[in-house]
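Trainee: Hi! Could you walk me through this protein with me asking things as they come up?
Mentor: Happy to, ask away.

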Amino acid sequence: MAPWTMIVATFFAQSVMMSLPQGSFSSAFTPSFPLKAHFKKSVSGPLGTINSLQATPHHSVSYNSYPFDDPSSVLPRHPSSYDELYPVPSVKCALGHNRSYQSPAYAYGKQFLMAAGVSEGAYTDEQTIIAFMGTRYFSFKEEVHFVLENSSHKAPKIKKQLKGMASRFAGKTPAKEQVEVVKEYASSVNFLRKMNSLDEDQRIQILFGLTYKLVVDSVDQGDAYINVKKLKVWMAFAMPLLARTDPNIKLLKIRLGDFHQNPDWISELHLNSFAKHSARRIYRHRKSQTVIAETLDEQGQVTETEMIEKLPSGAFNFVSYDAKTELSPFGMIRNHRGQAAIRPTPDVCYGCHYNLKTREFNVVRPSFADLNLRDADFENEELLQHRRSFAKPGERMVIHQ
């Protein structure tokens with residue numbers, strides 16, 4: 001394997017692979033897709049082959065684009081537009097680029113700072129990110145320790161959400177010691193939110209200090225490094241504060257409009273989502289890059305809602321809401337065998353939305369074909385026919401082949 005191929009595989013192994021069972025802190029939070037050693041050469045374009053069907057009348061057409069203006073239109077797709085909708089269609093398209101390797105610590109740390117609107121000039125690598133957060137820690141050391149010492153570490157809602165997800169998706173919840181760490185992180189952020197004497201900027205600066213204290217480790221020689229396993233879980237609780245994420249779908253609809261009814265939104269029913277191994281309804285906003293996705297069970301009921309939204313800073317905010325429409329620090333993804341993996345959001349989203357060219361998590365429309373998300377189950381015509389009944393009148397249905 002060529003050196004660059006090995007580097008790419010190494011990064012994706014951390015973002016897109018289920019690790020072997022172990023008693024480590026992150027064993028229940030690691031990704032679930034085994035990275036294939038090759039990509040199918042028969043795939044042409046980022047989407048491979050897609051068939052689109054109209055619910056009424058019931059017929060099939062082929063298309064290579066996602067038209068924004070007219071949901072009934074079928075537009076041709078020119079290869080020159082690939083980069084616009086799919087900044088990085090696949091690993092194979094990026095292997096030839098002469099670019100330096102970006103460590104996962106830097107990639108995740110950069111996303112964290114971008115969400116807060118920190119200028120890119122404030123960081124250039126892992127060590128400058130550590131130094132940036134370190135200065136905030138020492139500037140607000142008393143406040144950081146006040147938060148850590150007074151947080152209750154009781155988070156019954158988090159435990160309940162984990163249990164509910166495990167029940168709905170037949171997935172495993174984290175081990176007891178892992179739940180304790182999750183509760184610690186959730187409690188620290190919740191306590192910080194309730195410190196009424198602070199303004200918004202002070203909360204953010206203290207949050208940076210907490211990040212330094214909780215996720216930056218050091219080796220015997222004293223060299224500091226970002227513990228990516230810890231950061232992935234910490235981001236699930238810290239990012240909503242940085243991004244001012246809506247705490248439930250009701251408030252999200254007030255801010256963005258009712259995506260179920262507002263004409264500014266158009267929907268597609270994907271009959272065989274490879275990320276979820278189920279039907280999935282995708283809502284796309286006509287005037288922005290905001291996308292909302294609902295995971296459907298085999299009765300057509302929504303079991304999870306996810307959103308991608310571009311923040312004013314340019315960073316993309318990945319959000320999960322549970323079956324009760326409440327903000328959740330966890331999301332679900334399935335491996336190639338259909339087994340559910342419950343992992344922290346936004347990390348659960350990052351494996352499919354990483355941009356190999358810009359080294360950022362900003363791919364709004366990933367390609368299932370180039371990510372090699374395939375499974376023989378989706379050749380089950382009887383199952384697909386059943387899921388067609390979920391479609392709304394006139395709604396476009398999409399089958400991935």
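Trainee: Okay, which salt bridge do the side chains of Lys-276 and Glu-306 form, and what is the N to O distance?
Mentor: Those two side chains meet in a salt bridge with 3.0 Å from N to O. Keep in mind that we are looking at a predicted model.

Trainee: Got it. Where in the chain are the two partners?
Mentor: Lys-276 is in the loop between strand S5 (265-273) and strand S6 (278-285), while Glu-306 belongs to strand S8 (residues 302-310). They are 30 residues apart, and the pair links distant parts of the chain.

Trainee: Is Lys-276 buried or exposed?
Mentor: Lys-276 has a relative accessible area of 2%. The cut-off for buried is under 20%, so Lys-276 is buried.

Trainee: And what about Glu-306, buried or exposed?
Mentor: Glu-306 counts as buried too, because its relative accessibility is 9%.

Trainee: Which other residue does Glu-306 meet in a salt bridge?
Mentor: Arg-280 does that, with 2.4 Å from N to O between the side chains. Arg-280 is buried, and so is Glu-306.

Trainee: How many salt bridges are there in the whole structure?
Mentor: A search of the whole structure turns up 17 of them. One of these joins Glu-381 to Arg-388, where the closest N and O atoms are 2.9 Å apart.

Trainee: Switching topic! How many aromatic pairs are there?
Mentor: The search finds 15 aromatic pairs in the whole structure. Among them are Phe-259 and Trp-265, whose ring centres are 6.1 Å apart, with 65° between the planes.

Trainee: What do you call that arrangement of Phe-259 and Trp-265?
Mentor: The pair is edge-to-face. Planes over 60 degrees apart get that name.

Trainee: Which residues do ring pairs link into a cluster?
Mentor: The cluster has Tyr-108, Phe-318, Tyr-350, Tyr-354 and Phe-361 in it.

Trainee: Now the helices. How do the axes of H8 and H9 cross?
Mentor: Helix H8 (residues 200-215) and helix H9 (residues 228-243) have axes that come within 11 Å and cross at roughly 175°. Angles over 145 count as roughly antiparallel, which means H8 is roughly antiparallel to H9.

Trainee: Which residues meet there, and what kinds are they?
Mentor: On the H8 side, the residues include Ile-204, Leu-207 and Leu-210, and on the H9 side they include Leu-231, Trp-234 and Ala-238. The contact of H8 with H9 divides into ten nonpolar residues, one polar and two charged.

Trainee: Last one: what does the protein chain come to in helices and strands?
Mentor: The protein chain has twelve helices and 13 strands. Of its 401 residues, 55% are buried. Among contacts with a separation of 6 or more, 64% are between residues 24 or more positions apart.

Methods. Residues numbered from 1 in each chain as written. Predicted model: local features only at pLDDT ≥ 70, side-chain atom pairs only at ≥ 80, totals over all residues. Heavy atoms only, no water. Axes fitted to C-alpha atoms, helices over the stretch in contact; angles between N-to-C directions. Helix = DSSP H or I, 4+ residues; strand = E, 2+ residues; numbered from the N terminus. Parallel < 35°, antiparallel > 145°, perpendicular 65-115°, else oblique. Contact = heavy atoms within 4.5 Å. Nonpolar A, V, L, I, M, F, W, Y, C, P; charged D, E, K, R; others polar. Salt bridge = Lys/Arg side-chain N within 4 Å of Asp/Glu carboxyl O. Buried < 20%, exposed > 50% of the residue type's maximum accessible area, 1.4 Å probe, protein only. Phe/Tyr/Trp six-rings, centres within 6.5 Å; stacked < 30°, edge-to-face > 60°.
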